[in-house]
Amino acid sequence: MAMRVVRNLDLERYAGRWYEIACFPSTFQPKTGTNTRATYTLNPDGTVGVLNETWTDGRRGHIQGTAWRADPANDEAKLKVRFFVPPFLPVFPVTGDYWVLHIDDDYQYALIGQPSRKYLWILCRQPRMDEAVYNELVERAKEEGYDVSKLRKTAHPEPPPESEESPKDGGMWWLKSLFGK
């Protein structure tokens with residue numbers, strides 16, 4: 001079954017801070033991470049700077065990457081994203097699919113997936129989302145063939161600092177996540 005993706009995504013409107021409301025657990029995110037967020041910055045060359053952050057035990061873990069349209073001639077919101085790992089010694093490029101499956105007219109919440117249906121994210125401009133909106137996005141994910149029983153809500157107990165001033169974990173979250181921590 002082919003997935004429906006957003007058409008004519010306005011990357012300028014999409015740029016900015018997004019909070020992870022829920023996701024499928026993955027090996028590249030800490031299991032106990034809270035206040036997880038992504039910040040997208042439009043670059044002059046049309047690519048998008050990506051900063052993913054999460055907090056574990058009061059320490060900030062982060063990874064930076066770059067996203068771009070998979071096919072610039074196509075109007076579908078199918079992006080590629082590349083990170084270099086491990087984040088504390090960026091050596092190995094890892095590239096993945098980032099497909100915007102749904103976004104509201106005001107660019108306040110989004111459903112992100114990829115073709116294998118192994119990864120799924122529900123994002124919002126605020127750290128909390130209306131339950132009715134959340135349920136609509138879960139239903140949309142089901143329609144696209146995702147096993148939504150794997151969704152895990154992301155805790156946002158207290159807002160993290162706006163800047164990068166919090167203690168850093170030195171990339172240890174990435175190593176811990178490899179071992180299921």
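The paragraphs below describe the fold, the cores, the aromatic contacts and the strand pairing of this protein.

The structure is a predicted model, in which local features need pLDDT of at least 70, side-chain atom pairs count only at pLDDT 80 or more, and totals for chains, interfaces and linings use all residues. Residues are numbered from 1 along each chain as its sequence is written, and side-chain values use heavy atoms, with hydrogens and water left out.

The protein contains three helices and nine strands; here helices (H or I, at least four residues) and strands (E, at least two) are DSSP runs, numbered from the N terminus. Read from the N terminus, the order of elements is α-β-β-β-β-β-β-β-β-α-β-α. Of the 181 residues, 47% are buried, where buried means under 20% relative accessible area, exposed over 50% and partly exposed in between (1.4 Å probe, protein chains only). The protein exposes about 9600 Å², with 55% of this area supplied by carbon and sulfur atoms; areas come from the Shrake-Rupley method with a 1.4 Å probe, and for residues only the protein chains shown count as cover. Among contacts (heavy atoms within 4.5 Å) with a separation of 6 or more, 55% link residues 24 or more positions apart.

Turning to the interior, a nonpolar core is taken as a set of buried Ala, Val, Leu, Ile, Met, Phe, Trp, Tyr and Cys residues joined through side-chain atoms within 4.5 Å. The largest such core has 26 residues, and the members that touch the most others are Leu9, Tyr14, Tyr40, Tyr98, Val100 and Ile103. Strand β5 (residues 78–85) gives this core its largest share, four residues. A second, separate core holds 20 residues, including Met3, Met129, Tyr134 and Leu151. Beyond residues up to four places away in sequence, Leu9 touches Tyr14, Arg69, Asp75, Ala77, Val100, Ile103 and Tyr107.

Aromatic side chains deserve a look of their own. Rings of Phe, Tyr and Trp (its six-membered ring) pair if their centres lie within 6.5 Å; planes under 30 degrees apart count as stacked, over 60 as edge-to-face and the rest as tilted. The whole structure holds five aromatic pairs. One of them joins Tyr119 and Trp121, stacked at 6.0 Å centre to centre with 20° between the planes. Tyr119 counts as buried because its relative accessible area is 18%, and Trp121 is likewise buried, at 15%. Elsewhere, Tyr14, Trp18, Tyr40 and Tyr98 form one aromatic cluster.

Two lysines also meet aromatic rings. A charge sits over a ring if NZ of Lys or CZ of Arg is within 6 Å of the ring centre and within 35 degrees of the ring normal. The charged end of Lys78 lies over the ring of Trp99, 4.3 Å from its centre, and that of Lys153 lies over the ring of Tyr134, also 4.3 Å from the centre.

For the strands, pairing requires that DSSP finds at least two bridges between them. Strands β3 (residues 48–56) and β4 (residues 59–69) are antiparallel and share nine bridges, with Thr54 facing Gly61 of β4 as its bridge partner. Two residues separate the strands of this hairpin, where Asp57 adopts a positive phi near 55°. Strand β4 also runs antiparallel to β5, through five bridges, and Thr66 stands opposite Arg82 of β5.

Arg69 belongs to strand β4 and is partly exposed, with a relative accessible area of 25%. Apart from neighbours within four places in sequence, Arg69 contacts Leu9, Leu11, Glu76, Lys78 and Leu79.
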